[in-house]
Amino acid sequence: MVGLIVCIVVLLLVTLALGSPVSGSLGFTAIICMGLFVGVNFIPSFANTAFGQVTSSNQLIAPLFIMMAEFLVGGNIAQDIYYVLNKYLKRLKGGLAISTTVACTIFAALCGSSPATAAAIGKVSISEMSKRRYKKSFAIGTVAGGGTLGIMIPPSLTFVQFGILTETSIVKLLMAGLLPGIMLAVLMCVSVVIRIRFNPSLIGEQNERTAKLGALGKLDDESEYEENTSDQKKTTLGQDLKLAVPAIALIIIVLGCMYTGVATPTEAAGIGVIGAILILFLLRRFKLPIFLTAMTNTTKTASMMLFMLITGLCLSQVITRLGIASALASMIIDLGLNKWVVMVALYILWFILGMMMSPGSMVVLTIPFVFQTLVALGFDPLWIGVVSTLCVEIGMITPPVGLNLFILKNVTKADMGIIIKGALPYVVVLLIGLAILTVFPQIALVIPNSM
């Protein structure tokens, strides 16, 4: 059995090292291992797996949520959310950083993607923080940390993939990520306040003017903001509500439909797409180029995800036929290892994989091997989905190869050393969040268990 596991892992690593896409590596490994260890007569069963996935209504969830996100990104909804939040939070010390984190939280609930959240919010927020003389590393780090929330807060595409692979309720997985996502956002905001209190230079308070005002216990944030954002249009309360309320209402409707059971996840995703289009019409931003771009990007991303899921399920089928997952679970249980030793080892593995690949790739690559073992050890499937996703969040901003670090490199053109310096404090925040979820798993389970 150990030899089979080694053979599969080596094949995967070799094909990945040769530059093959994750889906290609999974498919190649599945076909070779099925032919060698099970029998070539079983290879055609992969066609049934592919057909079953292509015709499954569950496979509409991810493309529809992707489409919703594409319309919102094309319509610059992220920028609207950020500007409205900043207008009303700017009087707080470090208000721009807090606005950035809250905007990331809200937009994460609209797009379900960590890279998309970091890129969309980063484009506008980093330049605004720079105008206010925020330290560049602090500004970029705030976006890096907030951007990771995209794969935790529903509609998380990672949870959709996890649910399909493990046959776990997708709607309960999505709901399980809601409170942990909010908790992480609150921890990030608290960390901003604490860091600024002990190091005011992070928000540019080292100059003479701010030092004098700081001595008086007051900083003229409003005048400073107006001075540095003269290119931003003045808006009334009614205009602000018109920009922010529809997006927030869309979040409430989509999540509310899933939580109450009024709509399935697929139907809720469809409602989200219709809602996104209506928002663009309301704001008079729906244009043919936005529509075409949204359709094109949705097709590309959804096709990639579908192919990766199909090949992942094929490999999972091989693992099941060979009895690897059940044998691995029995072996670990027989060894008498403490279940938390096993869990911490997996945390470390997920950290490492999160640095090198997308969240979806990590889920498809590892979950078929370890899911049965973790369930046999007594861990809740929903909690496993949440903590594995959080581990990937941490990996995505962990140097040297965190994926979100490179996305921000492209957005800001900043030196990688500055980006890493800014992101490291948020790695600590996410680790604290992981520790809290490990000690108090009910934070993830309370909402889905109440459904």
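Which residues are buried in H9? The points below take up this and other features of the model, which is a predicted one.

1. Helix H9. The buried residues in H9 are Leu157, Thr158, Phe159, Val160, Gln161, Phe162, Gly163, Ile164, Leu165 and Thr166. Ten of the ten residues of H9 are thus buried, so the helix is largely enclosed by the rest of the structure. The cover over these residues includes helices H3 (45-54), H4 (61-74), H10, H16 (288-322), H19 (359-376) and H20.

2. The two ends of H9. Pro155 sits in the loop between helix H8 (136-147) and helix H9 (157-166). The peptide bond joining Pro154 and Pro155 is cis, with omega about 10°. Just after H9 comes Glu167, with a positive phi of about 60°. Glu167 belongs to the loop between H9 and helix H10 (170-176), and its relative accessibility of 75% makes it count as exposed. Most residues other than glycine have a negative phi, and most peptide bonds are trans.

3. Lys413. A positive phi of about 60° is also found at Lys413, which is not a glycine. Lys413 is in the loop between helix H21 (403-412) and helix H22 (416-439). With a relative accessible area of 64%, Lys413 is exposed.

4. The whole chain. The chain has 23 helices and zero strands. Its radius of gyration is 23 Å, close to the 22 Å that the globule rule gives for 451 residues, so the chain is as compact as a globular protein of that length. Along the principal axes, the C-alpha atoms fill a box of roughly 75 × 45 × 45 Å. Of the 451 residues, 55% are buried. Taking contacts between residues at least 6 apart in sequence, 78% join residues at least 24 apart. The accessible surface is about 18,900 Å², and carbon and sulfur atoms account for 69% of that surface.

5. Glu393. This residue is part of helix H20 (residues 381-396). Glu393 is buried but has no salt bridge, and Arg195, the nearest side chain of opposite charge, is 15 Å away. The side chain of Glu393 does make a polar contact of 3.1 Å with the side chain of Thr148. Apart from neighbours within four places in sequence, the residues in contact with Glu393 are Thr148, Leu149, Ile151, Met152, Leu184 and Leu430.

6. Salt bridges. How many salt bridges does a search of the whole structure find? The search finds three. In one of them, the side chains of Asp80 and Arg285 meet at 2.5 Å, N to O. This pair links distant parts of the chain, with Asp80 in helix H5 (residues 77-89) and Arg285 in the loop between helix H15 (265-282) and H16, 205 residues apart. Asp80 counts as buried at 9% relative accessibility, whereas Arg285 is partly exposed at 22%.

7. Asp240 and Lys87. Their side chains form a salt bridge of 2.9 Å, N to O. Asp240 lies in helix H14 (residues 237-260) and Lys87 in helix H5, so the pair ties together parts 153 residues apart in sequence. Asp240 is buried, with a relative accessible area of 3%.

8. Glu128 and Lys131. A salt bridge of 3.5 Å, N to O, joins these side chains. Glu128 and Lys131 are three residues apart in helix H7 (residues 114-131), which means that about one helical turn separates them. Glu128 is buried, with a relative accessible area of 3%, while Lys131 counts as partly exposed at 29%.

Notes
Residues are numbered from 1 along each chain as its sequence is written. This is a predicted model: local features need pLDDT of at least 70, side-chain atom pairs count only at pLDDT 80 or more; totals for chains, interfaces and linings use all residues. Side-chain values use heavy atoms; hydrogens and water are left out. Helices (H or I, at least four residues) and strands (E, at least two) are DSSP runs, numbered from the N terminus. Buried means under 20% relative accessible area, exposed over 50%, partly exposed in between (1.4 Å probe, protein chains only). Lys and Arg count as positive and Asp and Glu as negative; His and the chain ends are not counted. A salt bridge is a side-chain nitrogen of Lys or Arg within 4 Å of a carboxyl oxygen of Asp or Glu. A polar contact is a pair of N or O atoms within 3.5 Å; within protein, one must be able to donate a hydrogen and the other to accept it, and residues adjacent in sequence count only if both atoms are side-chain atoms. Contact means heavy atoms within 4.5 Å. The radius of gyration is taken over C-alpha atoms; the globule rule is 2.2 Å times the number of residues to the power 0.38. Accessible areas come from the Shrake-Rupley method with a 1.4 Å probe; for residues, only the protein chains shown count as cover.
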